[in-house]
Structure formats: C-alpha cells, structure tokens
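Welcome! The notes below go through the domain interface, the ligand site and the salt bridges.

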Amino acid sequence: MTQPLTPATVRGIELRRIAMPLVSPFRTSFGVETERDILLVRATVDVDGTLIEGWGECVALGEPTYSAEYVDGAQHVLVSHLLPTVMAASRPIDATEIATMLGHFHGHPMAKAAVEMAVLDAQLHAAGRSFAEHINATKTSIPSGVSVGIHASIDDLLTTVQSYVDDGYVRIKLKIEPGSDIDHVGAVRDLIGPDMPLQVDANTAYQRTDGAHLARLDEFDMLLIEQPLAETDIIGHARLADEVATPICLDESLVSAAGTADAIDLGACEIANIKPGRVGGYLEAIRIHDLCVARNIPVWCGGMIETGIGRAANAGLAALPGFTLPGDISASTRFYARDIVTDPITVVDGHVSVPTTPGLGFEIDHDVLESVTTSTQAI
Ligand code: OSB
Ligand code: MG
C-alpha cells in the first residue's frame, strides 16, 4: 500500500437494486442467468469535513447456486447487521478496518466486500488516488479472457467462441459439466488452434471418482481445470491433482487467505482464481495474491458478471504483479448492451486498460442507472 488514506465517517448508505438483462443467456453447471439482479452500495462519507460519495457492487447472484449468498439475503444482512455496526463506529474508519469490525458475523463475504468497496472508493476519491496506484499495482493494461457458457450444440459453441476470438480475447474459458465436456473442449481446441490459451470451469459439477474422465482433458493442453469438485472438498482436489496432468485451479473453495494457504500446502490448488467478493473484500484478495506469489502459485482474477463498477475495481486489482494469467475481466458488452458507467470497460488488442482516475476507476452514468433501478433503500 502507498500512504494510508484519511479515515472516513459514514454519514449515509443507499442500497440500490438494479435489473440488467444479459445480451445472451449464460449457462453454467449451476444454472442459467438471463438477467442480473444486482445490489449496489452507495456510501456518503465525511472525510475531513467534506462529504464524498463511494460505490460498491455486491456480486451475490439472485439465487444461492454459486455459493450460499444470494442478493436478497445480502441486502437483509447488510440492513440488519453489517451496516448498523459500521455506522455505529465512534470514530472515523478506514476501509481496511471494516473486515475486522464485521469479523464476528459469520459468512456473507460478498455483502461485507460491497461495504468495504464503497468506503474504499470514497476514501480514494478524497485522496485523489487511483486504486491501482494505492495498492502499488504495476501494470497499465491486463490481458482479457472470456468465460463462455455451456452450449447445447457444439456448432453453436464454435460460433460463439469464434466471435470472441474475433473480438480479440486472448484466452477462452469454457464452462463444462458431465455430458458437455470432452467433445466440447476438443472441438474448441480444433477451432482455435494449439497456441490459444484455453481453460475450463466445472463449478463443482464432478465427483471424486471422475479422475480418469477428467484426465481425458489432458490431451487438449489447457492452462487449468477450475473447481471440478465440491467447494469443501480440498482433499478430493489434491487427489485429482495427482491423477490429472492439467493444473487444478480453485474458485469456490477459496474463501480466505488462511484457507488458501492450507489448500496450496495440501496440493489441492495449483493455480488460484481470486474474486474479491468471494473472499470478503479487496484487502483479503490482496493477501491471497501475496501468499500465492510467495508460494509460486499463479493467480488470475475471476469475474461475477459485474457492471462497470466491479469490472473497474477488478482491473485495478489484476494490475498487481502476481496476476500472471489472463482474468475473466471482459468488455462490458460481453454481458451488457448498456453499462451503468460512463466509460464501460473495453477490450483493445486483447487487453483492458487499468483505470488511472481517482477512486476505484469509474463514473456512474446516472441516467442509465435510474433506468435500470428497481428499488432503493436509505439507511
Ligand atoms: O465460476 O467463474 C465463475 C460467473 C458467475 C458466477 C461464477 C462464475 C462466473 C463466470 C463468469 O465464469 C465470469 C465473468 O466473466 O464475469
Ligand atoms: Mg469459476
């Protein structure tokens, strides 16, 4: 970190729900997303007598299918438990203190991360500093990968993948599940050729006994297999790592720095997908990045179908030097026809620019935001 930021007194919070239709259905092994129901946190804070606004995005999905959190539950825990605690602070606070202040509440990392994000955004604005600069991130642009949903037909899958190749994405990630795996991956490898980086994400769809089956993916020379087994099954992933040559990467299983260190030590995590929401915030995400660098574990930044708010913040995070693999930080247009920020994330020559403006690196487009808002709640 650079110089500490000036602490902030939280004066008010607005929770805002928005409905964002996806440009096409996104199917994973846990379900189909057609519209994103997103909770935004707008914090009004006082920094040295000046009122400043900051925004956070809660990445919880509409249903508890990717993880236990879901957007209605996140809003409830924020309103009833998390925000009253943060707002009862008797002195100005720093974003880095929020995880500790909320530490006695079990779980709800995505709800906690959204509060931390909003306060951090406001503090960075007050300091006139960008997120990437604040965390001493080194890159000015990051390679952009795209996550491709499960397709019923291989022909349709190839059409979709070709369109992303044409858009310039430098890495393809295919969602897989039993029945839509070996053939799908083989056909895509034939389409994109041997040199294009390729990986798969099972979102926990396989069993411990699927080692021999998953080893059939080895011939396609992929970067990694993401989260084949249940999120709690660390030993199962370690055994799979012995059976399958393709590196095993964890997503759902990694919920803290301590747990990530254990998974690495057990041989269950050869590559790490870091998502700030899943681990309770950007500061825990940086701790995970640091320990992976110390243990020589490659890291990349995952995505949760974020708006321009979350994408900008993720781009800042992924500018840290340990993020050596392309992330799931795609253009806003990958999922949304119209983003809620004035400067949507774009992919140029396969790369996303790291924001350099003060704050997390976006400006809200208030007209678009109003048009997609379904409710607001003031705290
Ligand atoms: O497992 O990485 C995942 C989206 C929602 C929930 C979980 C995941 C995903 C993605 C898409 O794969 C990532 C993105 O491009 O935002
Ligand atoms: Mg994943």
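Predicted model: local features only at pLDDT ≥ 70, side-chain atom pairs only at ≥ 80, totals over all residues.

On the side of domain 1 that touches domain 2, the elements giving two or more residues are strand 1 (9–28), strand 2 (31–47), strand 3 (50–58), helix 2 (95–101), helix 3 (109–127) and helix 13 (366–372). That side of domain 1 is made up of 23 nonpolar, four polar and six charged residues.

Charge pairing is also present here: the rule finds one salt bridge across the interface of domain 1 and domain 2. The side chains of R27 and E177 form a salt bridge, with 2.8 Å from N to O.

## Domain layout and buried area

How does the protein chain divide? The assignment gives domain 1 as 9–128 + 366–378 and domain 2 as 133–353.

For the contact itself, 33 residues of domain 1 touch 39 residues of domain 2. Together the two domains bury about 3000 Å² between them, and 68% of that area is on carbon and sulfur atoms. Which three residues supply more than any others of the area that domain 1 buries against domain 2? They are F26, R27 and Y66, with 24% of that area.

## Around ligand 1

Ligand 1 has 16 residues around it, and those that come nearest are S147, K175, D201, N203 and I305.

N203 has a side-chain N or O atom 2.8 Å from an oxygen atom of ligand 1. For K173, the corresponding distance to an oxygen atom of ligand 1 is 3.0 Å. The side chain of K275 also places an N or O atom 3.0 Å from an oxygen atom of ligand 1.

## Salt bridges across the model

How many salt bridges does the rule count? The total is 20. One to pick out is the pair D328 and R171, whose side chains meet at 2.4 Å, N to O. D328 sits in the loop between helix 12 (308–317) and strand 12 (351–353), while R171 belongs to strand 6 (residues 171–175), so this pair ties together parts that are 157 residues apart in sequence.

Note on methods. Residues numbered from 1 in each chain as written. Chains lettered and ligands numbered in written order. Heavy atoms only, no water. Domains from an automatic or database assignment. Contact = heavy atoms within 4.5 Å. Buried area = accessible area lost by both parts, 1.4 Å probe. Salt bridge = Lys/Arg side-chain N within 4 Å of Asp/Glu carboxyl O. Helix = DSSP H or I, 4+ residues; strand = E, 2+ residues; numbered from the N terminus. Nonpolar A, V, L, I, M, F, W, Y, C, P; charged D, E, K, R; others polar. Near = heavy atom within 4 Å. Polar contact = N/O pair within 3.5 Å; in protein donor to acceptor, adjacent residues only side chain to side chain.
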